[in-house]
Amino acid sequence: MHSLAVATGVAIARLLGRPSSETIGTVAALVERERLGLVMGPSELTAAMMFAQPLVKAWPEHWLLAYLMGVDLGMKYLHDGFYLSDIINFVTDGFTLKQLKQVEHQAFMITEWTGIHLRFFSFRNALASVAAEYALLVPPRPDISPNCVLEDEHTKLHILVVESCCDLRERVRVADAEASISTCSSLVAATQLMRQYYHEGTRVNLLCIDSALLENEHAADESTSMEVFARAQCLPQQLEPKDAFSFFACKPLLVIISTVAEQVTFSCSTQGRSTWDCVVPARMTSQLLPILMSICEV
């Protein structure tokens with residue numbers, strides 16, 4: 001089952017106030033059936049949850065219908081040629097076409113469309129964090145393990161690793177032997193390379209930065225780990241040209257690998273936002289990298 005199917009199950013279960021394994025498994029199984037039936041990749045799954053969240057909040061007693069409307073609006077937002085009948089044919093026949101059309105109109109009217117591409121970034125990052133958190137808290141059971149991909153799904157990723165040694169690169173290689181991996185030994189070099197890639201039209205799916213490198217670059221100042229992360233607030237601005245990645249599918253997932261991930265995550269949450277997309281505990285890198293990679297696939 002795909003990582004985003006599990007993350008969606010956790011997200012909806014939390015919205016409903018029923019974060020039990022049974023609810024998570026039920027929702028995740030539904031999302032997986034829809035992923036396979038409608039051939040939905042990570043972008044489509046993220047868009048579905050982005051549209052579904054306010055609908056699930058508005059109609060908690062009809063969460064299934066709310067999520068199906070999220071799928072409908074998400075697919076129509078991304079693709080031409082998607083029809084409500086596709087949900088009946090490939091996901092569930094529990095609703096008539098007339099019912100779906102009536103609810104679709106209501107869903108469309110209450111959806112906030114302003115700045116939607118920026119919200120997509122937030123939902124992708126949030127789902128990545130949920131997937132990583134769930135994998136740490138609850139070892140995945142065989143029926144909802146995030147390890148299945150579509151046969152025709154494009155899985156070759158371009159990953160940029162920024163570190164002062166080769167440990168992280170090797171972990172990335174073990175996680176995905178087919179991935180294209182670029183490396184830099186400093187943030188300055190990474191910034192230059194990212195700008196070069198942007199102007200060449202070369203996409204980076206996943207950007208992994210070892211926090212030890214950040215600590216080394218500021219070692220002369222004897223900064224603590226938390227102070228190092230405070231200094232790294234401008235990382236996205238450094239690594240992304242101002243006019244780059246205006247379309248959500250082109251924005252890499254920016255991941256910090258940290259030995260103080262729990263502290264950093266708490267700090268970010270108290271500030272209300274983070275400038276990086278996901279913080280991963282260094283000890284769990286090997287376990288979480290495959291999950292994050294699956295979320296970056298397009």
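**Helix packing and salt bridges in the predicted model**

In helix α7, the residues R124, L127, A128, A131, A132, A135 and L136 meet Q287, L288, I291, L292 and I295 of helix α14. The residues of this contact divide into ten nonpolar, one polar and one charged.

Helix α7 spans residues 116-137 and helix α14 spans residues 285-296; the two pack at an angle of about 150°, and their axes lie 10 Å apart. Angles over 145 degrees count as roughly antiparallel, and α7 and α14 are therefore roughly antiparallel to each other. The crossing in which α7 passes α14 is right-handed.

Helix α14 also packs with helix α8, which comprises residues 167-175, here at an angle of about 60° and with the axes 9 Å apart. An angle of 65 to 115 degrees would count as roughly perpendicular and one under 35 degrees as roughly parallel; α8 and α14 are therefore oblique to each other. The crossing of α8 and α14 is right-handed. On the α8 side the contact is made by L168, R171, V172 and A175, and on the α14 side by T285, S286, L289, P290 and M293. Six nonpolar, two polar and one charged residue make up the contact of α8 with α14.

These helices belong to a protein chain with 14 helices and five strands. The chain has 298 residues, of which 52% count as buried. Among the contacts in the chain with a separation of 6 or more, 70% are accounted for by residues 24 or more positions apart.

Four salt bridges are present in the structure. One of them joins the side chains of R14 and E133, with an N to O distance of 3.2 Å. This pair links distant parts of the chain, since R14 lies in helix α1 (residues 3-15) and E133 in helix α7, 119 residues apart.

R35 and E32 are both buried.

In another salt bridge, K76 is paired with E104, and the closest N and O atoms are 2.5 Å apart. The pair links distant parts of the chain: K76 is in helix α4 (residues 63-78), E104 is in helix α6 (residues 97-110), and 28 residues separate them. Salt bridges that share partners join K76 and E104 with D72 into one network. The accessibility of K76 is 34% in relative terms, and this residue counts as partly exposed. E104, in contrast, counts as buried, because its relative accessibility of 17% falls under the 20% limit.

The phi angle of V39 is near 55°, a positive value in a residue other than glycine. V39 is found in the loop between α2 and α3, the latter comprising residues 42-58. The relative accessible area of V39 is 48%, and V39 is accordingly partly exposed. P54 is placed in helix α3 and is also partly exposed, with a relative accessible area of 37%. P54 and T111 are 57 residues apart in sequence, whereas their C-alpha atoms are 7.6 Å apart in space.

Terms used. Residues are numbered from 1 along each chain as its sequence is written. This is a predicted model: local features need pLDDT of at least 70, side-chain atom pairs count only at pLDDT 80 or more; totals for chains, interfaces and linings use all residues. Side-chain values use heavy atoms; hydrogens and water are left out. Axes are lines fitted to C-alpha atoms, for helices over the stretch in contact, and angles run from 0 to 180 degrees between N-to-C directions. Helices (H or I, at least four residues) and strands (E, at least two) are DSSP runs, numbered from the N terminus. A crossing is left-handed if the near helix is turned anticlockwise from the far one by less than a right angle, and right-handed if clockwise. Contact means heavy atoms within 4.5 Å. Ala, Val, Leu, Ile, Met, Phe, Trp, Tyr, Cys and Pro count as nonpolar, Asp, Glu, Lys and Arg as charged, and the others, Gly among them, as polar. Buried means under 20% relative accessible area, exposed over 50%, partly exposed in between (1.4 Å probe, protein chains only).
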